[in-house]
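Subject: Structure for your review

Dear colleague,

Please find below the sequence and structure that I am handing over to you. My notes on the findings come after them.

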Amino acid sequence: MLHIVACIKQVPDTKVIKMNPKTNTMDRASAPAILNPYDAHAVEEAVRLKNKYGGTVSVVTMGPPPAVKAIRKCIEIGADEGYMISDRAFAGADTLATSYALTKAINKISEIKPVDLIICGKMTIDGDTGQVGPGIARRLDIPPLTSVNKVVEMQKEDSYLVVHRKLEDGYEIVQTTLPCLLSVEKEINEVPYSSFPNMLKAARYQPVIWSVNDLEDIDRKQLGLKGSPTIVAKVWGPPKPEGGKILEGNPDEQVQQLLSVVLDKKELFAEMRGSK
Ligand SMILES: Cc1cc2nc3c(=O)[nH]c(=O)nc-3n(C[C@H](O)[C@H](O)[C@H](O)COP(=O)(O)OP(=O)(O)OC[C@H]3O[C@@H](n4cnc5c(N)ncnc54)[C@H](O)[C@@H]3O)c2cc1C
C-alpha cells in the first residue's frame, strides 16, 4: 500500500498581513495563521492518489505549537496522520536548516511506514522561495519534480510515476522512479469543502509531536539559526500604488476626461506594444 507524505506549513495570511513600516518586516501577529494555500493542494493531491490507488496519507510540519491547527485542516481534507516537529532548536531556520530538519522527520516517519512519495506545495506565501521541497529531495537523494500540474499515472509495484510539468508555453510529460518528491502548482486540483465526518475527526485529532531529542542521528549545528547561512541584507516593500481618479461632471465631460487620460498614456502604451 502507498504511503504519501505531504509537507505543510502554517503561514500568516498575506492577504491581510501588515508590514512594520520601521523594519519593513511582516508583523506576523497582525494576520490570522492559515494552512499555506499551495500545501492544501499538495494534501488534496495526496488524498486523491490514496483514493485511486489505496494507501495512507501523512502530513508533516515544522513549526511552533499553534501549527497543530494547520495539521487539523489537513485531516479535514482527508489526511490520515499528522506529524509535527516543534522545538526551540528549530527556530530561525532558513530553507537549508528547514529542509534538514524535515528530512530527519521524514526519515523517522519512514521507519514507522516506508514512504513512497513526498508532495510539497510549489512555495509558501510568506517565505516564497520554493527551495524546501528540492532541498529535501537532494538530502534524501530522490528525484525532485517541480511545477507539477497533473499526476497522470502511478505504479508502486513497478516503481514509476508519470506527471505533467508546467512550462511557460505548455507542459512536459516526465516519468520517474519511486520514491520521489513533487512540488505542485495550485491548478493541479481544486480543494473541495471538507466532509462533516472529516471535520469531526479533525476537531479531535492530536498529531504526533516530536522534539529535537526524538529525531535520530541529528547534527544540532545544522538546525535553526545556527544552521542557517542565509543573511537577509535588506527587505523593502513595493511602492504604494497611486490612488485612482474619480471622473466628475456629466457623461460627456467624463468621456473627455477619460480621453485626455488615455492620450496622456499614449506614449506608454506605444512603448508597451513595442516591447512585446
Ligand atoms: C535567517 C532567516 C531566519 C528565519 N527565521 C524564521 C523563523 O524564525 N520563523 C519562520 O517561520 N521563518 C523564518 N524564516 C523563514 C524561513 O526561511 C522559511 O519560512 C522556511 O525556511 C521555509 O522556506 P519558504 O517559506 O520559502 O518555503 P518554500 O521553499 O517556498 O516552501 C515550499 C514547500 O516546502 C514545504 N515547507 C516549507 N516550509 C515547511 C515547514 N516549516 N514545514 C513543512 N513543510 C514546509 C511546503 O510544502 C511548501 O509549500 C527565516 C529565514 C531566514 C533567511
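The notes below take up the domains, the ligand site and one further pocket.

Please bear in mind that this is a predicted model. The domain assignment divides the protein chain into domain 1, residues 2-227, and domain 2, residues 244-276. Their C-alpha centres are 46 Å apart.

Ligand site. The ligand is surrounded by 27 residues, and the closest are Lys9, Asp39, Thr124, Thr129 and Gly130. By class, this shell comprises 10 nonpolar, 12 polar and five charged residues. An N or O atom in the side chain of Thr124 lies 2.5 Å from an oxygen atom of the ligand. A polar backbone atom of Val132 is 2.8 Å from a ligand oxygen atom, and for a polar side-chain atom of Asn36 the distance to an oxygen atom of the ligand is 3.3 Å. The ligand taken alone exposes 940 Å², of which the protein buries 81%. Strand E6 (55-62), helix H3 (95-112) and strand E8 (117-121) are the elements that each give two or more residues to the shell.

Second largest pocket. This pocket holds about 260 Å³ of space. Its lining includes Ile34, Leu35, Pro37, Lys73, Lys186 and Tyr193. Two or more lining residues come from each of strand E5 (33-35), helix H1 (37-53) and helix H2 (68-77); H1 gives the most, with three. The lining consists of eight nonpolar, two polar and two charged residues.

Yours sincerely

How values were computed: Residues are numbered from 1 along each chain as its sequence is written. This is a predicted model: local features need pLDDT of at least 70, side-chain atom pairs count only at pLDDT 80 or more; totals for chains, interfaces and linings use all residues. Side-chain values use heavy atoms; hydrogens and water are left out. Domain bounds come from an automatic or database domain assignment. A residue is near a molecule or strand if one of its heavy atoms lies within 4 Å of it. A polar contact is a pair of N or O atoms within 3.5 Å; within protein, one must be able to donate a hydrogen and the other to accept it, and residues adjacent in sequence count only if both atoms are side-chain atoms. Accessible areas come from the Shrake-Rupley method with a 1.4 Å probe; for residues, only the protein chains shown count as cover. Helices (H or I, at least four residues) and strands (E, at least two) are DSSP runs, numbered from the N terminus. Ala, Val, Leu, Ile, Met, Phe, Trp, Tyr, Cys and Pro count as nonpolar, Asp, Glu, Lys and Arg as charged, and the others, Gly among them, as polar. On a 1 Å grid over the protein atoms alone, a cavity is a set of points where a 1.4 Å probe fits but cannot get out, and a pocket is an open set with protein on both sides within 12 Å along at least five of seven lines; lining residues have an atom within 4 Å of a point. Grid points are joined across faces, edges and corners, and a volume is the space filled by probe spheres set on the points.
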